[in-house]
Amino acid sequence: MIPQPAVATDRVLSVRDLAVEIRRGERLVRPVSGVSLDLHRGETLGIVGETGSGKSMTGLAIMGMLPSGGRVTQGSIDFGGTELVGLDPATYRGIRGNDIAMVFQDSLTALNPTRRIGDQVAEPARLHLGLSRRAARRRAEEVLALVGIPRPGERMDDHPHQLSGGMRQRVMIAMALVCEPKVVIADEPTTALDVTIQAEILDLLDDLRSRLGMAMILVTHDMGVIARHADRVGVMYAGRLAETGPTADLFERTRHRYTQALLASIPSLTHDRGEELYSIGGAPPDLSAAQPGCRFAPRCAAATDECRTEQPPVVAEGAHAYSCWHPASGPVRHTAVRIAERPRPAAVTETGPRLSVVDLHREYPAGHGSWFGPRRTVKAVSGVSFEVAAGETFGLVGESGCGKSSLGRMLVALDRPTAGEVVFEGRSVTTMRPRELGPHRARLQMMFQDSSAALDPRMRIGAVLREPLAIQGIGTRAERTATARDLLADVGLPATVLERFPHELSGGQRQRVALARALALDPTVLVADEPVSALDVSIRSQVLNLMRRIQRERGLSSVVISHDLAVVRYLADRVGVMYLGKLVETGTAEEVYAAPAHPYTAGLLAAVPEASPTGQAPRAERVRGELPSPLDPPSGCRFRTRCPLATEVCAEVEPALEDVTATHQVACHFPLQNKSGGA
Amino acid sequence: MTAAPTTPETVQLPPAPAGFRAAVRRMRHHPLGLAGGGLLLLVVAFCYLGPLFWKTNQTDVNLLDAALPPGPGHPLGTDTNGFDVLGRLMEGGQVSLQIGLLAALFATTFGTVYGAVAGLAGGVVDGFLMRLVDVLLSVPFLFFVLILSARFHANAWTLALVIGAFSWLISARLVRGEVLTLRVREYVLAARVMGASRRRIIFAHLIPNAMGVIIVNVTFQVADAVLVVAALGFLGFGLSYPTTDWGSQLASGVTYISADYWWLIYPVGGFIVLTVLALNLLADALRDAVGRKAD
């Protein structure tokens, strides 16, 4: 080891001009080209970027864990005086997991399912600190307590599958911390978790970082997480660092055009719903092709010839640095594109609701509790009722496992409810025979979450779009192709896409095709299950704007299901909040988001990290703890186990949905807003 | 700033070849797979085109020329009946390959339909169909063939049928597993939401998407069947005179092993090994090319 020079800096890690290339078959991809960053003791550096921006690769390069075929081609990584690039593998192993540790995204695959968590946490301590089995186990117990695992001594002998997602993520953090590293790289540590758990895990990381005095690199795609938890931010685009700076400075005095556009395209909880989201056209560049100039130039509104030919130099303004030829002078104030008011009252002649759900239940068998016990069931949906009027968008929000997707499937008759019914245009689709259902299906369509799974990989886009028409026997082949062409134009894709296969399109383009297919039969109701969850921020706003425009143009009624509160707020007129199979609150989007009446809604809203470093005071107490098992939901109010306001009444009497205002209902004994009717 | 929503955006489309062409392209980068394919072509050409250039009498026994070592006129010598070994190899190869291919096609076709029905139907039907497969899998194959051959005389067709009747079980399990994962894919759900019939789902979505796995399986099955034919021939349950196959040739060669008639054993043994190896290499490469695990 080279002795560290006695400089009065507390810099622990310094990356200079790092470039990485990965050879995949005959393709050479350069995911990182020329990234420089510094990490100081005790700080959190956020690296934010979209898929393929090179943020994860930068983290992996520092860990010396590039995927096969990958290598660092230039630059240096200086870790406290040790050069990590080209370090021999044995020395690297001594540093990895000991001085630099990593927290991975998916705790289910990153933990070994066959080993007890205590042993997995103790392993780095035995390897790096040379502790005995007993001492390592003691150390593991200590660290598990530190990361907030209750009764760590007992949980140490559990296997990963016996823990919940949030608990597993804590175990992963414990594994990273057991050797007290100087640097922790957290690669999307909370992406797989619900917002309430995400908030807890991020707070835990913050707390541990300041207590243990380590430095952290937080790699994420979520600007909200960055705003709340990072001291400094590096924004990456297409393998380059577009802009770095202290968090508040970067958000308030945004200089790079990409950062500016990215921030503007994130739907927030306070966005004016009458305004269209800002959207960045196009898609990120192909990193296997060499590109002169600024990589963002093809998608940049302010781009000039200079941007396209010459790479912008890094300009430093104090701690804030950016590389842009035409820097902006702050965030986008407003997009100015108002959404046209819909021509509602005159056009609609229907009197009843288009879709109504009456006391819907769905239970899935889950085997027996004991050998002779009664058959147990997972209560996915337990008594949900709501109505969707013509031209209205109803949003369903809730955490994973709340039953919102099961509900969505029953709405389009992919699944049959255990009890209750779905009434579509005055007829119950629940009791209909499959043969009768066929023609009705056409007017009741669904859009799926994962556009790569929702389009048959063996079919060209033309065939995909013709399929619904062919199934329903509409038109000749030529007419169907003409319709497909029109649909593509409607969702903003050129007709040349007809001859393409799904995998040749980008995620955003595929989701547009999926929307076009759902519209092919001219439905009156569209159910969209997590329509933009799989998309990157810049693409997401394009699709959201498109969905909103189509809803309005076609007078479509839709049900939007999402875990993302901001997405639902942007798309929906009315919102229903689900918790453990029950609707706990419904109301117009404005009411529910501005004045939540149920403690759960308030807690959910408080847990959402907003993409703005100011105004972070939580409006309500966050929801703590984990979702109870739907096998055996709590008595009375299902939320009482996690509710700060719960009393004995909540355990005994189940609250019914009651009016707060004429359009706002809540199922709670102690609502945060006064009920209009009773005391 | 924001593009007018109705104008199609400029879409950059990579000129990437898709599906089948991409698979072919990936094959090119698989030297072992290419070698397997080439070897297989050579073996097939040898068996089917060879007799056009190397004409021999494979019907009349000629004891005067029996068991000649390799030499002029007979590059691989003659066997104990006086047949030219080189010509005999071509003739036996034709039969072995035919039986192999036939058995594999029979097994895969039946197995695919069986597996798809079980996988799609699910529940009790699936349970019953798959338990039947379990039962059949526990019948000892050689024992069964021994009984059959004691009662009947085999020809190429019946032999292929018997081998196929045992090997479809593997295909059925494989395809059922594939269908179980495919039927809950979102594009299948999407088709159901559009009102597609079960038939349409099977033929438009499930089978095309399971095709990769099925093709790989056929290739492995041909290799297996060639080996089984050889094994049966070797045990004496193969085809009877005048038709021959590689297994029977090997068996008769082994009878004279103490007489040092090496040319009756090594050439035919080599051909069996080469053919099976070629098929396995090809199947491995195909499996990589379609990007899925087939077994």
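Student: In which sense do strand E22 and strand E24 of chain A pair, and over how many bridges?

Tutor: Strands of a sheet pair through backbone hydrogen bonds, either parallel or antiparallel. This is a predicted model. Here E22 (residues 582-588) and E24 (residues 664-666) of chain A pair in the antiparallel sense, over two bridges. One residue pair to look up is Glu585(A), whose bridge partner in E24(A) is Val666(A).

Student: What is the order of the strands in the open sheet of chain A?

Tutor: Eight strands make up the open sheet, in the order E18-E19-E20-E15-E21-E22-E24-E23, and the pairing is mixed. E18 (444-447) and E23 (658-661) of chain A are the edge strands, each pairing on one side only. From one strand to the next the twist averages 20 degrees.

Student: Which strands pair with E20(A) in the parallel sense?

Tutor: E15 (residues 393-397) of chain A pairs with E20(A) in the parallel sense over five bridges. E19 (residues 525-529) of chain A also pairs with E20(A) in the parallel sense, over five bridges.

Student: Where does helix H19 of chain A lie relative to the strands?

Tutor: H19(A) lies across E18 and E19 of chain A and runs at about 175 degrees to E18(A).

Student: At roughly what angle do the axes of H17(A) and H19(A) cross?

Tutor: The axes of H17 (residues 461-471) and H19 (residues 507-519) of chain A come within 8 Å and cross at roughly 25 degrees. The two helices are therefore roughly parallel to each other. Their crossing is right-handed. H17(A) contributes Ile461(A), Val464(A), Leu465(A) and Pro468(A) to the contact, and H19(A) contributes Val513(A), Ala516(A) and Arg517(A). By class, that contact has six nonpolar residues, no polar ones and one charged.

Student: How many residues of chain B are in contact with chain A?

Tutor: On chain B, 28 residues are in contact with 42 residues of chain A. Helices H7 (186-193) and H8 (198-235) of chain B are the elements that give two or more residues to the chain B side. The largest share, seven residues, comes from H7(B). The chain B side divides into 17 nonpolar, six polar and five charged residues.

Definitions and conventions
Residues are numbered from 1 along each chain as its sequence is written. Chains are lettered from A and ligands numbered from 1 in the order in which they are written. This is a predicted model: local features need pLDDT of at least 70, side-chain atom pairs count only at pLDDT 80 or more; totals for chains, interfaces and linings use all residues. Axes are lines fitted to C-alpha atoms, for helices over the stretch in contact, and angles run from 0 to 180 degrees between N-to-C directions. Helices (H or I, at least four residues) and strands (E, at least two) are DSSP runs, numbered from the N terminus. Angles under 35 degrees count as roughly parallel, over 145 as roughly antiparallel, 65 to 115 as roughly perpendicular and the rest as oblique. A crossing is left-handed if the near helix is turned anticlockwise from the far one by less than a right angle, and right-handed if clockwise. Two residues are in contact if their C-beta atoms, placed from the backbone, lie within 7 Å. Ala, Val, Leu, Ile, Met, Phe, Trp, Tyr, Cys and Pro count as nonpolar, Asp, Glu, Lys and Arg as charged, and the others, Gly among them, as polar. Two strands pair if DSSP finds at least two bridges between them.
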